[in-house]
Amino acid sequence: MTNLVVIGTQWGDEGKGKIVDLLSARADTIVRFQGGHNAGHTLVIGDQIFKLSLLPSGIVRENRCTVIGNGVVLDPWKLVEEIDLLRSKGISIDPERLIISENTPLILPFHRELDVLREKASGKKKIGTTGRGIGPAYEDKVGRRALRSGDLKTVGEIKSRIRAMADHHNMLRLGYNQKVINEDLIFQEIMEIREDIIEYVGPVWQLLNDQIKAGKNLLFEGAQGSMLDVDFGTYPFVTSSSTLAGAASTGTGVSHNKIQSVLGITKAYTTRVGKGPMPTELFDEVGQLLSKIGKEKGTVTGRDRRCGWFDAPLVKRSCILNGVTGIALTKIDVLDRLEKIKICVGYRTKEKVLNEFPLSSNLVGAIEPIYEEMDGWHCNTSGMKKLSQLPNEARKYVDRIEKFLETKVTLISTGPERDETIFLEDPFL
Ligand code: IMP
């Protein structure tokens, strides 16, 4: 029995969806523990493409149990939309296969409105959020006002939570010249949607701990990336949840000492969507090539992702913060055409050289990367399944990354399909 957490080591969009889907063949239960429908996972299975943002990726596999933990913020309308979409593609979803924690806070329409209003009003200081209401929903959670999925069972609780949130939000809305919340309308909308989700709500912490006792394999599916973590990311240009592996415990009720492995999904170059500093960002034709070949467009918002060279100190910091036990290196084939490939191994400020990725966003914005240059491999690696097939230069690139990170690369992804993967070590060990 192994319980494994999968997290992104960069700014999200590392290709977690494919890897989680692949590993879910070996897991009994797949668990989301943070974030909401700001995440976007694209799964390519044969000729079918599934774009999920809320349901755990494992849902597309028959006979797998999937779980939404308390660390997630859940938009019930979005959930129902995804359930309906998957059902229309012949995937069965029932309360045996999908369980939502009783203490998962809900995203309501006024969270989304506030997210968008605030971004609009921020001018140059925009975060570039996904506009899904994620930040405001987490604010209500820690502000002890949120409506949680377990509250849906009690009409009185729904009413009193709406009241508490309205008291708070109306002050903010007035500041933005918006009408106060129509509490009756929100109540009606919640009463309508609750019938569709209430059957899935249950004591997730208990279920997962029972499963562990019974020797099942649990796979915890992180969303976003470590540099978007609310504490350790490039604050304030971050999301509002803890995106690190430790959140798998606090976001589900499974103790940290029950989790044995952490797989850090790492793109072979760097991308970022939204605002905030990115030291290795490229504004030249190499950046455009990575964007084009890597199809670097956000799954959720369709925004172009910013592209750049591999930032090794950044990923090293993630490895330490998450306790990464193995790296899954993704999209290596996107580098196939490049003459020369650069890896950032440190940074320079006006005064000094830094070996570590800085914590302060101001400093991150002011540093110059120091690069090492390596030869490209100029051949097609897409679809490769064995390490022996990889050209020498590509192996050297992987070795250099491994050496810098002091962490093993246990899997290399060479394309979007399940079988376009080189397994070097079993992540479930
Ligand atoms: P929020 O999570 O919508 O509040 O957005 C905060 C920041 O996180 C923005 O820069 C978003 O672009 C970024 N972000 C949120 N979710 C993802 C994701 O799944 N992938 C990449 N970036 C994300």
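Me: Which residues come nearest the ligand?
Reply: Of the 16 residues around the ligand, D13, N38, T130, T239 and R303 come nearest, where a residue counts as near if one of its heavy atoms lies within 4 Å of the molecule. This is a predicted model, in which local features need pLDDT of at least 70 and side-chain atom pairs count only at pLDDT 80 or more, while totals for chains, interfaces and linings use all residues. Residues are numbered from 1 along each chain as its sequence is written, and side-chain values use heavy atoms, with hydrogens and water left out.

Me: How far is T130 from an oxygen atom of the ligand?
Reply: A polar side-chain atom of T130 lies 2.6 Å from a ligand oxygen, a polar contact being a pair of N or O atoms within 3.5 Å. A polar backbone atom of G128 is 3.3 Å from an oxygen atom of the ligand, and Q224 places a polar side-chain atom 3.3 Å from a ligand nitrogen.

Me: And how much of the ligand's accessible area does the protein cover?
Reply: The protein covers 97% of the 470 Å² that the ligand has on its own, by the Shrake-Rupley method with a 1.4 Å probe.

Me: Switching to the second largest pocket, which residues lie nearest its centre?
Reply: Those are G71, Y138, K141, S242 and T250, out of 13 lining residues. A pocket here is an open set of points on a 1 Å grid over the protein atoms alone, where a 1.4 Å probe fits, with protein on both sides within 12 Å along at least five of seven lines, and lining residues have an atom within 4 Å of a point.

Me: Which element gives the largest share of that lining?
Reply: Helix 4 does, with 3 residues, helices being DSSP runs (H or I) of at least four residues.

Me: Where's the cis peptide bond?
Reply: The bond from Y235 to P236 is cis, with omega near 5°, and P236 lies in the loop between strand 8 (218-221) and helix 8.

Definitions and conventions
Helices (H or I, at least four residues) and strands (E, at least two) are DSSP runs, numbered from the N terminus. A polar contact is a pair of N or O atoms within 3.5 Å; within protein, one must be able to donate a hydrogen and the other to accept it, and residues adjacent in sequence count only if both atoms are side-chain atoms.
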